[in-house]
Amino acid sequence: MTFPPDFLWGTATSSYQVEGQNSNSDWYAWEMADPGRIKGALNCGLACNWWANAEADLDIAAEMRTNAHRLSLEWSRIEPEPSVFDSAAIERYRAILQACHDRGLEPMVTLHHFSNPRWLVEKGDFNSEIVADYFQRYTAKVVAELGDLIPKWITINEPITYAVLRYLSREFPYAERTGMGALFEAIHNMLRCHAAAYHTIKESYPAALVGTANNMQVFEARPGGNALDRWWARVVDRLYNDSWQDALHTGRYRGLLGSRRFAHLAGTYDFVGINYYTRFYLRFPPPPGFVDREWGEGAIVSDGDYGEVYPYGLYRTMNHVWQRYGAPIYITENGLPDAADRMRPAFLLDHLRQVWHAISFCYPIMGYYHWSLVDNFEWDRGWTQRFGLVAVDPETQVRTWRPSAHLYREIAGSYTLTDDMAARYAPEMVGVMWPGKEPG
Ligand code: FCB
C-alpha cells in the first residue's frame, strides 16, 4: 500500500506536556495547589525536558525518518505578564523550530494547546471577550518573530474538548463558573480568538496554511440501544464533532439552543485537522462519566480503559469531513496509551491503512501526525498513560524505542505498508490487510 511522495509523516506533542517547568501556566498552578488532582505519583515536573533539550527528541524523530512534527508554543512563556514579551523564550522557540527544519522535520505549530498564562485566567480567559484581543496580540508577536519558520498553523487545539473538560467534567483547571452557559460562552470566545488569529497570520503569510485540530470521535448508540439512545448519539455527534468546524465554514455557531453569527469567521480554515482516537457508546440518560464503558465482544481496549481500538472510525471520520467541507485534511493526532506496545503496531498499520484507503479514493489526506513521539505528561492522567512511540522514564529521562517506533520508521522511510512489515510487527494483521495471505 503506497502513499504519495509528498505525504507528511509526523509525530505530535504539546508544550506543557513535554517542556517541563512551565511555572507561569495555569496547569502548573493547578498541579501545585493540589497534587491529588493528577493521577499517579508523579506530576508534570521536567516533563520530557524539552525546554533544555528538545533537540535530543527531534534527533529521534529524524532517526525515525519522519519529515514533519507538530508542536505547540506556551503562551505563558512568550508573554509571562500582560504585554511583557520574553525575548529569551522567543529565541528558544526559534532555536527549536530551526532544529526541526535542520532535521528535515516540517513544523506544524499550535498556538493554544490546553494551557493559559496565569494572568489571563485572572482576567477571565475564555469567559471574557477581551481574550480575543490578547490572543490576537500574542499571535501577531509570534507571526512577527517566528512566522518565517512556520508553514502550518493550528490556532487552537481541540476547542470543544477543552471546553467540555473545563466546564462540564471539570478534569482540567476550571474557574468558579462552570456549566453549559460558561461552556458556550467560552466556545464563542474561542471562535473570536481563532478568527482574529487566522487573519493575523494570513496578512503576513498568505501562503501559510491555518486550521484547527478537532477532536473527532465516533459516537454511537450503545449496542442494542433504543431510539432515544440513537437520538442522543446524533445530538452529541453534531455538537462535539461538527459544531466547531461548521462555524469556521459558515461563520455561524449552532449550539444547543439557537445560533450566533460571528464577523470575519466564515471560511477561516485552509484544512481540517482531525485528532482521532476512539469510538464511544452513548445511552440516554447518560451514565456517570457520560459514556458507556462496556464494549462489544472481542473489542480491543487500550490501557486504563482509555477506549476501544476502532480503526475504521478514522475512515468514517475522514469521509464525513471530506463530504462536509471538501477541504484538505491532516490527521493532526492519532494514537493510544499502550505502555507494553502490545496493541500499537497493529493500531498503526490498521489506522494508516484507513488513511491509504481514503487517499486511494483521491481524498486529500495530506499528512499523519502520530500522538506521540515520546511518552509525556498526560494532563490529569499524569504519567499513567503512555502514548509514546518511544518510552520515557520521567525520573531518569532515559528513552527506549518501542517496537512501534521501529515499525513507524520503516513505514515513513518507505512510504508504504507491506505484508512483510505486518508479518514482523503484527502478524495478526496480515490476513486482515491482505486477505488470503497467511502470516509467515
Ligand atoms: C488529545 C490531546 C493531547 C493528548 C492526547 C492523548 O486529546 O490533544 O494533548 O492529551 O489527547
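Predicted model: local features only at pLDDT ≥ 70, side-chain atom pairs only at ≥ 80, totals over all residues.
Colleague: Where is Ile150 found?

Modeller: Ile150 is in the loop between helix H7 (131–146) and strand E4 (152–157). Helices (H or I, at least four residues) and strands (E, at least two) are DSSP runs, numbered from the N terminus. Residues are numbered from 1 along each chain as its sequence is written, and side-chain values use heavy atoms, with hydrogens and water left out.

Colleague: Ile150, buried or exposed?

Modeller: Ile150 counts as buried, at 3% relative accessibility. Buried means under 20% relative accessible area, exposed over 50%, and partly exposed in between (1.4 Å probe, protein chains only).

Colleague: Which residues is Ile150 in contact with?

Modeller: Leaving aside neighbours within four places in sequence, Ile150 is in contact with Leu97, Val109, Val142 and Ala208. Contact means heavy atoms within 4.5 Å.

Colleague: And how far apart are Ile150 and Pro107 in space?

Modeller: They are 6.3 Å apart, C-alpha to C-alpha. In sequence, 43 residues separate Ile150 and Pro107.

Colleague: Let's move to strand E3. How many of its residues are buried?

Modeller: Six of the seven residues in E3 (residues 106–112) are buried, so the strand is mostly covered.

Colleague: What joins E2 to E3?

Modeller: Five bridges join strand E2 (residues 68–72) to E3, and the two run parallel. Two strands pair if DSSP finds at least two bridges between them. Ala68 stands opposite Glu106 in E3.

Colleague: And how many bridges join E3 to E4?

Modeller: Four, and E3 and E4 run parallel as well. Thr110 has Ile154 in E4 as its bridge partner.

Colleague: Next, E10. Which residues are on each side of that strand?

Modeller: Arg279 and Tyr281 are on one side of E10 (residues 279–282), with Phe280 and Leu282 on the other. All four are buried, and both faces are covered.

Colleague: Why do the side chains alternate between faces?

Modeller: That is how a regular strand is built: the side chains alternate between the two faces of the sheet.

Colleague: In which sense do E6 and E10 pair?

Modeller: Strand E6 (residues 218–221) pairs with E10 in the parallel sense, over four bridges. Glu220 stands opposite Tyr281 in E10.

Colleague: What joins Phe284 and Pro285?

Modeller: A cis peptide bond, with omega about -5°. Pro285 is in the loop between E10 and H11. Trp371 and Ser372 are also joined by a cis peptide bond, with omega about 10°. Ser372 is in the loop between strand E12 (365–371) and strand E13 (390–392).

Colleague: What about backbone angles: what is phi of Ser83 near?

Modeller: Phi of Ser83 is near 70°, a positive value in a residue other than glycine. Most residues other than glycine have a negative phi, and most peptide bonds are trans. Ser83 is in the loop between helix H4 (75–78) and helix H5 (87–102). At 46% relative accessibility, Ser83 is partly exposed.

Colleague: And Gln397, where is its place?

Modeller: Gln397 is in the loop between E13 and strand E14 (399–401). Phi of Gln397 is near 65°, again positive in a residue other than glycine.

Colleague: Back to H11. Is Met318 there buried or exposed?

Modeller: Met318 is buried, with a relative accessible area of 0%. The residue lies in helix H11 (residues 312–325). Leaving aside neighbours within four places, its contacts include Ile274, Ile329, Val355 and Ile365.

Colleague: How far apart are Met318 and Pro403?

Modeller: Their C-alpha atoms are separated by 27 Å, with the two residues 85 apart along the chain.

Colleague: Zoom out. How many helices and strands are there?

Modeller: The protein has 15 helices and 14 strands. The radius of gyration is 21 Å, close to the 22 Å that the globule rule gives for 440 residues, so the protein is as compact as a globular protein of that length. That radius is taken over C-alpha atoms, and the rule is 2.2 Å times the number of residues to the power 0.38.

Colleague: What percentage counts as buried overall?

Modeller: Of the 440 residues, 59% count as buried. Also, of the contacts with a separation of 6 or more, 74% come from residues 24 or more positions apart.
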